[in-house]
Amino acid sequence: MAEAAAHHDEHHEHPNYVRIWAILLVLLIISVLGPMLEIRVVTLLTAFGIAVVKAYMVAKNFMHLNIEPRYVVYLMATMLVFMLLFFAGVAPDVMRFEGDNWVKPMQSTAAPGTLGHPDFVPHGEAGGEHH
Amino acid sequence: MAETVHPAEQAAHGEHHEEGWVKKYLFSTDHKIIAMQYLFTGMAMGLIGAFFAYVFRMQLAFPGMEVPFFGVVSANEYNSLITNHGAIMIFWVAMPVLIAAFGNFLIPLMIGADDMVFPRINRLSYQIFFISALVLLASFFVEGGGFGGAWTAYPPLSANAAYSLTPMGATLWLVAVALEFVAFLLGGINFVTTLMNSRTKGMGIYDIPMVLWMIIIASILFMASVGPLIAGAVMLFMDQQVGTHFYDPTRGGDPLLWQHLFWFFGHPEVYVVLLPAMGIVADIMPVFARKKLFAYRTILWTAIGTGVLSFTVWAHHQFIAGIDPRMAHVFTITTLLISIPIAEMCFVYIATLYGGSIRLNTPMLWALAFVAEFLIGGVTGIFLGASGADIYFHDTYFVLAHFHYTFFPIAIIGTYAGVTFWFPKMFGRMMNDTLGKIHFWGTIIPFNLIFIPLFVLGAAGQHRRIYDFTNYPMLAEPWMQDLRVLATVSLVVMLAFQLVFFYNVIVSLVRGEKAGKNPWKSNTLEWTTESPPPHGNFGDQYPTVYRPPYEYSHPDREEDYWPQNLPN
Amino acid sequence: MSSAARPIANLRSATGIPTGRLAVWWVVASEIVIFGGILASYIMFRLAHDAWTVQAANTNTTIGAINTFVLLTSSLFAVLGHANAVDGNGKRAAFFLRLTALGGAIFIAIKSYEWYTEISHGFTITSNTFWSFYYTAAGLHALHVIAGAVILLLIARDAAKNLELHRVELIGIYWHFVDIVWIFLFPLLYIAK
């Protein structure tokens with residue numbers, strides 16, 4: 001506990017946590033109201049833009065990332081970058097529905113009775129129904 | 001507050017109370033005991049993994065024979081044996097021994113601390129690891145037998161009991177792997193925090209022995225890469241037990257997703273186990289060449305660069321899985337790029353030897369063998385990293401021989417190098433050098449005779465994971481069968497020579513020459529305390545560090561070594 | 001568990017960050033990639049399957065918003081507990097930590113009601129891969145909330161006796177991280193329809 005106290009001697013007063021909480025609530029209300037306009041861009045912006053802002057505010061003020069040494073921030077950012085990298089490497093495969101010698105039957109537009117069709121039954125017991 | 005020393009450090013650390021055997025050796029929080037627990041558990045699992053290899057190699061060389069100590073191998077048993085051989089050797093041998101055992105033993109000793117920062121979390125880490133090993137072993141005895149879907153556990157084979165025929169085995173295997181991950185996350189956090197915060201007075205970041213850097217980088221790589229696979233394992237568990245369809249393409253899932261989640265972890269994992277072995281070699285070579293480690297900072301930054309780059313190469317395992325061909329180009333380039341830093345590190349090690357006064361004791365032989373054998377593994381990897389060549393080589397014994405030429409140097413040679421080098425510190429007695437050399441040559445020569453034939457067979461088109469090659473006329477030609485027999489006989493010879501090692505350990509523990517504090521005339525801090533180190537490691541006086549760890553044959557000094565803790 | 005039993009290694013601080021806090025940051029780092037993995041997988045699937053919009057329309061935004069409010073408020077209590085711990089007021093810190101844990105309990109209670117309603121309407125974990133993700137991701141998060149609440153209560157017990165006050169900040173960091181995960185889960189599962 002000596003450590004925690006020593007650390008906080010550097011900055012005596014706490015930020016106004018209740019005020020930050022109030023701002024977070026206002027943001028929450030906006031993010032709920034945003035989709036009611038039923039404009040796709042506004043929905044995305046109010047939903048995810050505000051999520052990023054809220055996460056930033058919590059991380060900065062509640063988790064005190066603003067007074068941690070910089071490399072803690074870099075560490076968190078590195079982990080997020082790895083996740084972006086993961087997304088970038090995987091999305092081209094997972095978001096496709098057919099490729100070299102494969103199809104995902106659920107989504108393909110293949111003709112009935114062929115391998116790609118969702119109702120295709122490999123052993124042919126029900127294969128005749130669709131004709 | 002760069003170097004704060006807590007007032008409690010001045011207080012004596014001598015409170016000694018007698019503890020019972022169980023408390024002292026099974027539930028200890030002392031980092032040295034936990035290291036031994038990891039070491040012995042890892043080696044016991046290694047014997048099980050080696051036994052599995054023996055059984056399925058016998059089946060391949062002499063199909064249908066009644067294997068001594070096992071019996072006739074059925075096709076399902078064969079699948080289970082190869083799957084668990086791979087999983088055990090990586091998750092229950094390489095990681096616990098190289099990272100957990102050496103990390104636990106060396107980190108506090110080498111940085112001049114009395115223990116890890118969180119001793120009880122350390123103990124918890126081992127306990128979870130132990131339970132994970134028990135769960136894995138239990139999976140062989142449930143209905144349907146152990147999991148047989150290969151250590152990569154690709155769905156749909158792993159996700160659906162109707163395909164894998166191991167309704168319980170597959171889930172127990174997955175649970176065991178997940179528990180093992182938890183154990184190493186706890187251990188890794190402990191390692192990283194200890195190295196960052198608990199260095200003794202005077203130890204700057206470039207005064208840290210290379211093996212510690214490598215263990216820490218490996219722990220961070222593990223931490224950063226395993227997350228998606230933990231998420232993926234939860235999803236696979238749901239597919240197995242709850243009936244979701246995350247990986248089932250006919251129901252809106254995607255089997256490729258698992259492959260990506262697995263290899264996003266699986267490839268950095270190669271470097272997770274490689275780097276500690278590289279670090280062990282980096283710490284042994286200067287001692288037996290009596291020469292400063294060449295290019296300390298270059299090695300460090302190269303290792304960090306390798307770690308970052310290792311996150312960008314994973315899809316080279318999936319070139320023929322139907323991934324986007326444009327992505328295959330990208331992953332070919334990054335894969336070939338990553339051979340550059342690793343080759344650079346091998347050159348740096350050779351440069352360390354150049355002009356040195358080399359002593360060929362057993363640990364040095366292992367260290368040299370590591371570089372030589374790992375180079376073969378690295379060079380054959382180039383063929384597999386290039387997507388064009390990989391289409392031909394994919395899933396052949398060429399791949400298998402390639403990664404055994406990387407993992408064997410890492411897990412086996414690296415371990416023997418470390419154990420023979422630090423054995424005097426761990427147990428206070430020297431190992432027999434002659435027996436050590438017999439064991440060395442008895443391991444290295446058969447090792448090459450196992451896997452060089454497998455390279456040839458792989459290039460001839462021999463596919464992996466085939467139970468009985470006599471069913472395939474193209475693969476059953478007499479010369480191919482002869483090479484299989486050669487590989488199997490070499491394996492048996494190699495395993496027989498391991499008895500020399502165990503004999504050596506037992507004889508040395510009982511009758512070995514007393515080691516004294518610093519038998520190798522080494523510089524790092526662990527050699528400044530008693531062998532074996534007492535509880536608390538350094539008594540009342542913690543060492544202060546005055547210089548980097550590899551000052552050998554310094555021109556201003558009479559002796560050819562210069563311990564880190566000497567003021568001048 | 002008096003601090004006398006701690007190894008000297010635990011008391012050093014070569015980086016200037018107290019050891020416990022440094023370790024919690026590494027815990028958070030390793031959790032980022034766990035949640036990152038499942039959320040990245042979900043986003044890929046979601047972007048690729050337009051049909052999931054139909055399923056997502058059945059989630060209850062109001063309940064999601066209430067739960068967001070509950071977690072945000074519990075985060076406020078956690079940080080107020082930290083402020084009191086810094087001032088050396090263990091009793092008040094413990095009071096706020098218990099309020100935080102109560103917030104976690106309310107969150108779980110609301111979540112249970114929500115899942116009960118959805119499951120009784122036929123939206124089960126196996127009915128569609130959207131629902132598989134919905135239950136798996138939120139369930140993984142809920143496990144973190146439960147674990148956090150238990151740890152909060154354990155730390156509050158010590159803090160009330162003015163012991164181990166630095167731990168109040170550590171559990172706070174973890175709790176805020178769990179809050180941030182929900183901040184992203186809320187738009188992903190509820191708002192984007």
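**Exercise 1.** How many residue pairs are in polar contact between chain B and chain A?

*Solution.* The model is predicted: local features need pLDDT of at least 70, side-chain atom pairs count only at pLDDT 80 or more, and totals for chains, interfaces and linings use all residues. Side-chain values use heavy atoms, without hydrogens and water, residues are numbered from 1 along each chain as its sequence is written, and chains are lettered from A and ligands numbered from 1 in the order in which they are written.

Step 1. A polar contact is a pair of N or O atoms within 3.5 Å; within protein, one must be able to donate a hydrogen and the other to accept it, and residues adjacent in sequence count only if both atoms are side-chain atoms.

Step 2. Between chain B and chain A the count is 2 residue pairs, both residues at pLDDT 80 or more.

Step 3. Helices α7 (210-241) and α8 (255-289) of chain B each supply at least two residues of the side that touches chain A. Of that side, α8(B) gives the most, with 5 residues.

**Exercise 2.** Describe the contact of chain C with chain A.

*Solution.* Step 1. With contact meaning heavy atoms within 4.5 Å, 51 residues of chain C and 46 residues of chain A take part.

Step 2. The two chains bury about 4,300 Å² between them, 81% of it on carbon and sulfur atoms; buried area is the accessible area (1.4 Å probe) that two parts lose on being put together, summed over both. C:W25, C:M44 and C:L72 supply 16% of the area that chain C buries against chain A, more than any other three residues.

Step 3. Chain C and chain A share 1 salt bridge, that is, a side-chain nitrogen of Lys or Arg within 4 Å of a carboxyl oxygen of Asp or Glu. A:E68 forms a salt bridge with C:R21, and their closest N and O atoms are 2.6 Å apart.

**Exercise 3.** Is B:Q318 buried or exposed?

*Solution.* Step 1. Buried means under 20% relative accessible area, exposed over 50%, and partly exposed in between (1.4 Å probe, protein chains only).

Step 2. B:Q318 counts as buried because its relative accessibility is 0%.

Step 3. This residue lies in the loop between α9 (296-309) and α10 (325-353) of chain B. Leaving aside residues up to four places away in sequence, B:Q318 touches B:L256, B:Q259, B:H260, B:W263 and B:I323.

Notes. Helices (H or I, at least four residues) and strands (E, at least two) are DSSP runs, numbered from the N terminus.
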